[in-house]
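I opened this notebook to record a pocket and some helix pairs that I looked up. The entries follow the order in which I worked.

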Amino acid sequence: MAMDKECMLLLPSVCALLADSDKPLPDDTSLEKLLDRLTELSEAGVSLPESCPCLLDFLSTVTHNTTCDPSILSFALKLGGLMAATEDGFTAVQARSTLDLSFKVQHWQDAGLWEDPCVRIGWIHGFRRMLLHPKALFFFVLSDSTKPLLQLQRDASLFVASAASQLLAHILLTYQEEDGSMESQYTHVIQQTTDYMKASLLPKDCTQIAPSLQVLQLLAMILNRAGPPLRDQLLQAVAASLEDVVEVGYSQLTPALMDIIMSVYSSDKDEGAPHHAVSRLLSAMLNANKAADLLHAAAAFLHGGHHDPVNTTLAVKVLLMPLHVCTHNSLLATVSAGDEHHVLTAAQLKSKSAFVSLICVSLRNAPQIALMPPDVLPCPPASIVLAVVSLLKACSGHHSSGCSDEAFRCLLASGKVQKCALEVLASLSSSPGANSTMKSVFEVLIQYMKNPDWDPTVLHKSYKAFIQWMNICTSFPQQLREDLMSTVQKRVCDPRWEVRDSSVELLGQLAGVLALKSEDLPSTSTPLLRAALQDPESYVRASVIAALARTLAPSWQQGAASHQGQADLVRRLLDILSEDTEGFARRAVVRYFISWFSSSPSSSPLLLDSVRRVLSLGSVDLDWEVKVHTLELAELLLDSVLSGRPGYGQNGGGRSYEPACALHTRTNGPGATLDAALGFLVDQGVISALLRCLVDCDRPVGLKASRLLISIRDTVCPLLADARDERTAVATCVSCVLPEEIRKMLERTPGDQDGDHRVGVCQVLTSLDLDQQSVLLSQSSDHVHNSFLSLLQDIMSTRAAHSHTDAGQEVVVDCY
């Protein structure tokens with residue numbers, strides 16, 4: 001990769017313009033784009049100092065000109081780092097005596113520019129680009145840059161502070177395995193870093209949490225990737241300070257402390273036991289005197305997936321304690337009311353918000369706990385399921401003897417607990433022994449579904465949990481069927497569209513679950529869904545159509561004959577496709593026919609007539625997703641009639657699946673001719689739909705259409721080159737009517753007054769440059785507009801426009 005001649009000629013002028021400026025560019029993204037382009041060249045092996053000496057001149061000028069705009073100074077610092085990113089480039093830049101001055105903090109402080117975050121960011125990013133080789137680390141240490149980098153860890157700008165942390169971590173991690181020649185410089189950086197961490201870890205008071213949090217986050221980031229030598233050095237240096245932080249007990253620091261512990265556990269997973277300092281720290285965290293800290297520490301440890309029998313057992317106990325206190329479902333049979341953890345948890349009942357937070361943390365970890373080995377679990381997994389059921393009953397107003405008055409007060413009508421518990425109940429369906437709790441689970445779920453006062457989200461999560469438990473149910477009991485359908489019939493008429501939407505979704509999902517069990521939905525479900533097609537909300541109409549597709553799928557797969565009810569439904573769906581003002585419902589209609597066509601083993605006249613109409617309507621829809629789905633339907637027809645023929649599906653068109661439809665046998669079986677297959681595609685409107693979509697203004701539509709047309713061309717048109725093939729004349733006789741846009745593309749005049757001007761399909765497909773069209777559509781518009789040359793020209797033109805613009809007059813920038 002090299003810079004073209006025009007760019008080489010223009011770049012010096014751009015550099016001179018930028019170096020001579022004390023004002024920012026009107027388009028403040030141009031400098032970043034220019035840096036990105038130069039980075040691409042450098043990464044491709046181009047030596048910027050050697051091939052673009054004007055960049056060295058630019059650096060020298062800007063470094064000495066302290067009146068430059070901070071954005072240009074920032075760009076220069078980043079560019080200097082980029083040019084010095086290789087040892088040869090470093091030597092070339094240093095030879096111009098610009099490197100020392102560029103990265104000398106005192107130079108920018110004396111000029112009053114260090115206060116601008118742009119300059120500080122430029123300094124950090126410049127070093128980050130440069131620090132890829134030993135010479136750069138020598139330079140970093142000898143220029144005493146560690147000190148300002150550590151100061152920037154606490155910068156007032158969060159962007160600067162974050163970038164500074166990334167740079168420090170980069171240095172420590174990049175050089176941790178270098179040879180001995182680097183040892184003194186590397187050790188110097190480590191020593192200064194650990195001194196800084198020890199001095200900053202312990203907050204002076206509760207108002208000084210932020211600096212400690214920043215150091216903890218930095219330490220976790222480094223430890224997560226550090227090898228044994230660096231990891232051990234850091235832990236040995238800060239272990240005592242970390243234990244002091246735990247002892248002080250600031251809850252805001254608990255997540256960051258656990259990140260450190262988990263980072264070391266992760267890095268130690270292939271080396272046996274974790275570092276002893278971290279083991280002590282974890283034990284301290286799991287014996288904290290605050291219930292919230294305890295729970296968060298236990299959850300973080302459990303999510304790490306580490307196998308430490310002692311700490312895992314303790315973490316499970318801590319996490320189940322809130323659920324145990326609420327329900328007394330014998331989750332922790334050996335725990336007494338005087339247990340330290342029990343006392344800490346029970347004390348939180350004085351505050352509803354605090355206790356709700358604890359119970360939700362406990363719930364979210366229940367599914368993982370239920371899957372743990374028996375030697376870790378203090379109770380059978382089924383007990384955890386029943387505890388969640390009891391919790392849901394308490395939330396709905398059922399005050400059992402196992403629930404204290406304080407706990408009941410916290411749980412009653414708590415939407416947060418309800419939603420969390422329902423999500424967890426859905427996940428617990430896969431836990432061992434779940435079958436034994438099924439009766440209790442379905443009872444509470446039906447109870448929740450029947451309550452019209454619940455928040456729509458609560459009902460939605462009840463439905464999702466119901467489906468999850470139906471997956472493990474061996475059959476659909478009659479009583480449960482009746483309870484469910486009577487409830488759903490009411491919910492489909494709910495004034496809230498979210499409830500109606502969830503209710504029809506439930507029927508569709510349930511149909512899919514029952515199909516796997518060779519069972520059908522109750523007979524009342526289909527009429528219910530058809531009536532819901534009149535719903536005023538487009539989201540609901542779309543969900544109804546999707547549910548109908550899943551409900552009718554078994555009858556399609558069995559090849560059931562069409563009946564009047566099916567014909568009426570098809571008419572209604574086609575009306576929606578042609579008249580509905582919302583794209584959601586129209587997309588669902590096309591997907592409905594995709595499902596029908598791909599599921600049906602027979603090609604009934606109703607199905608083929610419907611598909612023809614869908615292709616006609618969908619290919620001219622205003623919604624690009626409708627058109628893409630229409631092309632997917634067209635692709636199914638192509639697969640059905642062309643699959644298995646030479647050339648089909650070789651260039652991205654066609655999915656080359658084994659078609660189950662009898663249509664494949666009729667058009668591609670023994671004795672079937674190519675003209676029959678092609679004629680069928682024309683009659684069904686496939687060719688017309690593809691040609692219309694080829695010139696569509698939406699790129700994904702045109703791209704898919706071009707690929708499908710190429711697939712047809714490569715299957716059909718090679719016969720033109722073989723005059724000895726007796727089928728050539730027949731195949732090329734198949735013709736179609738061209739859409740107006742295609743006529744214009746081929747510079748054809750319209751046909752007769754009836755518009756019945758027909759052209760051979762192969763003639764059209766070979767005349768259109770489909771391959772070039774596909775290549776162009778595969779590219780984004782950037783390949784035309786976002787070139788290096790256009791960027792340089794834009795910088796020149798916008799700077800010129802800016803310099804000649806009166807104060808206050810707007811500069812219009814062509815920013816791609």
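**Entry 1: the pocket**

I noted that α12 (158-174) and α14 (209-223) each supply at least two residues of the lining of the largest pocket. The model is predicted, so to speak of local features I need pLDDT of at least 70, and side-chain atom pairs count only at pLDDT 80 or more, while totals for chains, interfaces and linings use all residues. Residues are numbered from 1 along each chain as its sequence is written, and side-chain values use heavy atoms, with hydrogens and water left out.

I wrote down the terms. Helices (H or I, at least four residues) are DSSP runs, numbered from the N terminus. A pocket is an open set of points, on a 1 Å grid over the protein atoms alone, where a 1.4 Å probe fits, with protein on both sides within 12 Å along at least five of seven lines; lining residues have an atom within 4 Å of a point. Grid points are joined across faces, edges and corners, and a volume is the space filled by probe spheres set on the points.

I found about 290 Å³ of space in the largest pocket. It has 15 lining residues, and Gln153, Leu158, Ala161, Gln214 and Gln217 are the closest to its centre. Which helix gives the largest share of the lining? I found that α14 does, with seven residues. By class, I recorded seven nonpolar, six polar and two charged residues in this lining. Here Ala, Val, Leu, Ile, Met, Phe, Trp, Tyr, Cys and Pro count as nonpolar, Asp, Glu, Lys and Arg as charged, and the others, Gly among them, as polar.

**Entry 2: α22 and α24**

I looked up helix α22 (residues 381-395) and helix α24 (residues 415-427), whose axes come within 10 Å and cross at roughly 150 degrees. Axes are lines fitted to C-alpha atoms, for helices over the stretch in contact, and angles run from 0 to 180 degrees between N-to-C directions. The angle therefore makes α22 roughly antiparallel to α24. Angles under 35 degrees count as roughly parallel, over 145 as roughly antiparallel, 65 to 115 as roughly perpendicular and the rest as oblique.

In contact (heavy atoms within 4.5 Å), I listed residues including Val385 and Leu392 in α22, and Val417 and Leu425 in α24. The residues of this contact divide into 11 nonpolar, one polar and no charged.

**Entry 3: α24 and α26**

I then found that α24 packs with helix α26 (residues 456-471) at an angle of about 10 degrees, with their axes 8 Å apart. That makes α24 roughly parallel to α26. Among the contact residues are Lys419 and Glu423 of α24 and Lys461 and Trp469 of α26. I recorded six nonpolar, four polar and three charged residues in this contact.
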